[in-house]
Every structure is written in C-alpha cells, then in structure tokens.
Amino acid sequence: MNISCRDRERIFLDGSAEEWAALEQHAAGCPVCEQEVRAWKALSSAAEELRDYREDTQLWKKIEGALRETAEGKVSWRRFSERLGAWGEIPFGWRTALAGALVLALAFSGAYFLRHQNASDPGQNRLLKNSALAEVERTQRDYMKAIDTLAGQAKPELDSPSTPLMASYKEKLIVLDSAIDELRAETGRNPSNAQLRYELLAMYQEKQQTLEEILEMKQ
Amino acid sequence: MGTVGLTLQWEHRISPVAGEGGRRVEPSQIAAGQNRENNALPEDAAIAAGCLAGDLRAYERLYHLQGARMRNLARNLLGSTTDAEDAVQDTFLKIQRGIASFRGQSSFVTWTFRILVNTCYDLRRSRVRRKEQAQGNSEQAPRPEPRAPGAHPTLRMALERALGSLTPHQRDVFLLYEVEGFRHAEIAAMLEISETASKNTLFQAKKNLRGMLEPPRGAEAGAL
C-alpha cells in the first residue's frame with residue numbers, strides 16, 4: 001500500500017489496520033510523520049493514567065441493599081394486587097362492611113401519624129445525618145490522604161527552597177496548614193456544621209492547587 | 001488554542017508503544033475482534049435475562065464485570081469519587097426499573113453505559129445549577145479530586161487539566177474511547193450520535209489535547 005504524508009491525518013481519523021501498518025512503515029523513513037505518529041499514540045498511552053479499575057466491594061454492598069429494597073417493594077405490591085383480585089369473590093354486604101372498616105382504620109392511623117409526626121422525626125433525621133456525616137468524613141480522609149501524597153512529592157522543593165517564589169509557596173503552605181488545623185479542631189467540636197465543612201474543603205482545595213503549582217514549577 | 005499551564009515533554013516520558021494504543025481500529029475490521037465480540041454476546045444476553053427475571057446474582061455479575069469500569073468512567077466524567085459512586089448506584093436502580101424496556105437493539109453493556117452516561121449528565125447539570133445558584137457562575141469542567149498516584153502522576157494531572165479545557169462532548173468521547181476502550185459503534189449508541197461523529201469528535205479531541213500538552217516547538221528544540 002502506497003502511503004504519503006498527506007494520508008496521515010485521514011488515517012488518524014479513520015484508518016484501517018492495514019493503513020496504519022503502511023503509515024508506520026512510511027514513518028520509519030519520514031521524521032515528520034514519525035514524530036506525529038509517536039505523539040498520537042502517546043496520547044492513548046497517557047489515557048491509561050486515567051484508568052483505575054480497583055474493585056470496590058463496599059459499593060456493591062450498598063447497591064445490592066438498594067436493589068433488594070426496591071425488589072422487595074415490588075414483590076409486596078404484587079402480592080397486594082393479587083389479594084385485591086380476590087375482592088370480587090366476597091359477598092356485597094361483607095365488602096361494604098370491610099370498606100367501612102378500612103376507611104375508619106385509615107382515618108385513625110392518619111390522625112395518629114399527624115399527632116406523632118413531630119415526635120418521630122428527630123430520630124429518623126439523626127440517623128440520616130449520621131450516615132451523611134460518616135460519608136463526608138470518609139471522603140475527607142481520602143482527600144487528605146491524596147493531598148499528603150502530593151505534599152510528599154513537593155517536599156524536596158519545600159525543604160530547601162531554591163527561589164524566593166518557592167520560599168513564599170512554603171510560607172503559604174504553612175499558613176494554610178495552620179488554618180486547616182484550626183478548622184479541623186473546630187469541625188471536631190461541631191461535626192455537623194456544613195459551613196465549617198465547606199470552609200475546610202476550600203482550604204484543602206487551595207492547598208492542593210498550591211502543591212500542583214509547585215510540582216508544575218518542578219517540571 | 002493555548003496550553004493549560006502545564007506543558008510536558010510527555011512524549012519522551014512514557015512509552016508510546018502501548019499495544020495498539022494510537023492505532024486501535026474497530027474490531028469489525030479484525031477477525032479476532034469479531035470472535036471476541038461473539039463470545040461476549042451469550043454472557044451479555046444471560047445477564048440481561050437474569051436482570052429481567054429480578055435475579056440479584058445477575059446484577060452482581062454485571063457489577064463484577066463492569067462495576068470498576070462504570071465507577072472509573074463516572075469518576076472521570078464527574079471529577080468526584082462520591083458522585084461517581086452515587087451515579088453507579090443510581091444506574092443499577094434505573095436498570096432494575098427499566099429492564100423491561102430493554103429491547104436488545106444494542107448490547108446490554110452498551111445499554112447499561114448509556115444509562116450511566118445520562119445519569120452522570122443529570123448529576124453534572126444539577127451540580128452546575130446548584131453552583132450557579134450559589135455563585136452565579138457558568139458551566140466549568142469538573143475539577144478532579146486527587147487520587148492514588150499512578151505511574152505518571154504529573155502526566156495524569158496535566159491530562160486531567162487539558163481534558164477540562166475540551167468541550168464536554170469531546171471529553172466524553174475521548175474518555176469512552178481511549179480510557180474505557182469502547183468502540184465507535186458503542187459510543188455512537190451511548191451518546192446517540194453517528195459513528196462518523198464519534199470518530200470526528202475523537203480526532204478533534206486528540207488534536208486539541210496534543211496542542212495543549214506538547215511543549216512549544218522552540219522549547220522542545222531548546223530542551224533537546
């Protein structure tokens with residue numbers, strides 16, 4: 001197959017296996033195409049950096065619980081419908097009596113629910129709040145661990161700053177760390193204060209950005 | 001298009017010889033690829049049938065086979081592990097609710113990922129709305145959370161930033177094709193576009209990424 005530099009982009013867009021082989025053969029003797037092909041393929045290799053296929057059994061347990069709950073809901077509804085189907089076989093007098101009893105039961109349970117709604121809510125809310133809080137704390141721990149990894153990479157630059165800019169980055173990080181410590185202590189005293197959590201997150205993001213800038217400079 | 005503040009001589013830092021990396025062609029063009037696809041079909045159909053019958057083991061098998069990939073895609077689309085896990089859970093619940101509407105026009109896995117992608121879009125939109133309400137800002141690409149370092153953490157960070165500068169559509173096609181390894185036909189089914197549009201979008205995405213990631217010609221010459 002005859003391939004020239006003009007075919008390169010077309011093959012990048014939609015080349016067959018044979019055309020790719022021919023392009024690589026051509027690139028072996030053409031420095032421009034060689035560089036272009038190498039860069040194009042390198043992008044695909046770089047994309048592998050975004051692949052993290054670690055198993056997460058905890059997530060499956062959550063999903064399984066939710067699926068089971070929905071499935072059980074469906075089964076109960078089906079059974080209820082089947083039982084409702086038997087309604088037609090009951091004599092008319094009994095049906096009227098049963099309907100009246102049902103209306104009364106609904107009216108009483110509605111009134112009971114309305115009266116006790118306020119009393120039963122706090123426990124439910126507390127349960128929800130606790131699970132949300134555990135989720136926030138777990139995410140925060142993961143985030144902190146990842147930032148610590150970044151900090152580890154930037155440590156050599158920060159331990160002995162070689163430029164005034166690096167020294168000022170170091171100072172900024174010291175200030176940020178102290179603010180983070182204060183906020184964490186405050187959050188510990190008041191764990192469900194969302195505002196404090198947001199402020200803490202903003203501090204972490206600032207620290208992450210600063211560390212990223214340091215690592216960029218290192219390049 | 002300019003750089004995104006982090007130019008790397010990444011071509012020289014990673015091995016460009018990653019299997020078929022840049023020259024992956026559609027399996028329809030390769031006999032071996034056809035065999036692989038045919039072998040996958042019975043399991044795909046069995047899982048779909050199991051899900052339709054309400055068998056939780058079928059859902060577990062689906063999670064076992066695709067869960068990690070689903071979580072990874074959602075994480076790259078949303079930039080947050082917590083949101084990604086929510087999206088995957090929502091997707092499984094939507095599969096359970098909507099399995100009766102699965103007609104088999106595409107594979108079950110493709111259908112599953114289509115639901116996942118739409119779930120991620122919904123989450124992304126609601127997050128943008130919340131952000132707009134809070135700050136009055138326009139849509140921005142998600143800022144990814146830090147994660148466990150891979151072989152080239154700096155390269156990954158640069159790529160994540162560069163991806164943030166692509167259009168959402170280009171980003172999605174790039175992630176689906178290059179990161180998750182879907183074929184253009186599958187991406188077309190997931191995003192409701194044509195195969196040609198998928199190919200064109202990927203081409204444009206890679207051209208833009210190259211422009212953003214490669215060092216300026218002068219700097220490269222100086223470095224060599």
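Tutor: What follows is a walk along one stretch of chain B, then a look at its setting.

The model is predicted, so confidence comes first, on a scale from 0 to 100. Chain B has a mean pLDDT of 77, and 68% of its residues reach 70 or more. Within chain B, the highest confidence is in H7(B), at 95. The lowest is in helix H1 of chain B, residues 10-13, at a mean of 43.

Helix H7 of chain B covers residues 168-179. H7(B) counts 12 residues. From its first C-alpha to its last, H7(B) reaches 15 Å, close to the 16 Å expected at 1.5 Å a residue.

How many residues of H7(B) are buried? The number is 10 of its 12, and H7(B) is mostly covered. The cut-off behind that word is 20 or more other C-beta atoms within 10 Å.

Now leave the helix. Just after H7(B) comes Gly181(B), with a positive phi of about 75 degrees. Next, look at Arg183(B). Arg183(B) sits in the loop that links H7 to helix H8, residues 184-191, in chain B. Is Arg183(B) buried or exposed? Arg183(B) counts as buried, because 20 C-beta neighbours lie inside 10 Å. The cut-off for buried is 20 or more. Arg183(B) can also be placed against Lys199(B), which is 16 residues away along the chain. Their C-alpha atoms are 9.7 Å apart.

Lys199(B) leads on to the next packing. It belongs to H9(B), on that helix's side of the contact with H8(B). Helix H9 of chain B spans residues 195-213. The axes of H8(B) and H9(B) come within 8 Å and cross at roughly 105 degrees. Angles of 65 to 115 degrees count as roughly perpendicular, so H8(B) is roughly perpendicular to H9(B). H8(B) brings His184(B), Ala185(B), Ile187(B) and Ala188(B) to this contact. H9(B) brings Glu195(B), Ser198(B) and Lys199(B). By class, the contact of H8(B) with H9(B) has three nonpolar, two polar and two charged residues.

The loop between H8 and H9 of chain B holds Glu192(B). Phi of Glu192(B) is near 55 degrees, a positive value in a residue other than glycine. Most residues other than glycine have a negative phi. Glu192(B) is exposed, because it has 10 other C-beta atoms within 10 Å. The limit for exposed is 12 or fewer.

Step back to the whole chain. Chain B has 10 helices and zero strands. Its pattern along the sequence is α-α-α-α-α-α-α-α-α-α. Of its 224 residues, 39% are buried. Take the contacts in chain B with a separation of 6 or more: residues 24 or more positions apart account for 67% of them.

Two segments call for care. Over residues 1-22 of chain B, pLDDT stays under 50, and the model has 57 contacts there beyond four places in sequence. Residues 26-39 of chain B also stay under 50, with 11 such contacts.

For contacts in chain A between residues at least 6 apart, 48% join residues at least 24 apart.

Helix H7 of chain A runs over residues 194-218. It has 25 residues and reaches 36 Å from first C-alpha to last, close to the 36 Å expected. Its buried residues are Leu200(A), Tyr204(A), Lys207(A), Leu211(A) and Ile214(A).

The axes of H2(A), residues 17-27, and H3(A), residues 31-47, come within 8 Å and cross at roughly 130 degrees. That angle makes H2(A) oblique to H3(A). Leu23(A), Glu24(A), His26(A) and Ala27(A) of H2(A) meet Cys33(A), Glu34(A) and Val37(A) of H3(A). By class, this contact of H2(A) with H3(A) has four nonpolar, one polar and two charged residues.

Last, the complex as a whole: the predictor gives it an ipTM of 0.74 and a pTM of 0.58.

Definitions and conventions:
Residues numbered from 1 in each chain as written. Chains lettered and ligands numbered in written order. Predicted model: local features only at pLDDT ≥ 70, side-chain atom pairs only at ≥ 80, totals over all residues. Helix = DSSP H or I, 4+ residues; strand = E, 2+ residues; numbered from the N terminus. Axes fitted to C-alpha atoms, helices over the stretch in contact; angles between N-to-C directions. Parallel < 35°, antiparallel > 145°, perpendicular 65-115°, else oblique. Contact = placed C-beta atoms within 7 Å. Nonpolar A, V, L, I, M, F, W, Y, C, P; charged D, E, K, R; others polar. Expected span 1.5 Å × (residues − 1). pLDDT = per-residue confidence, 0-100.
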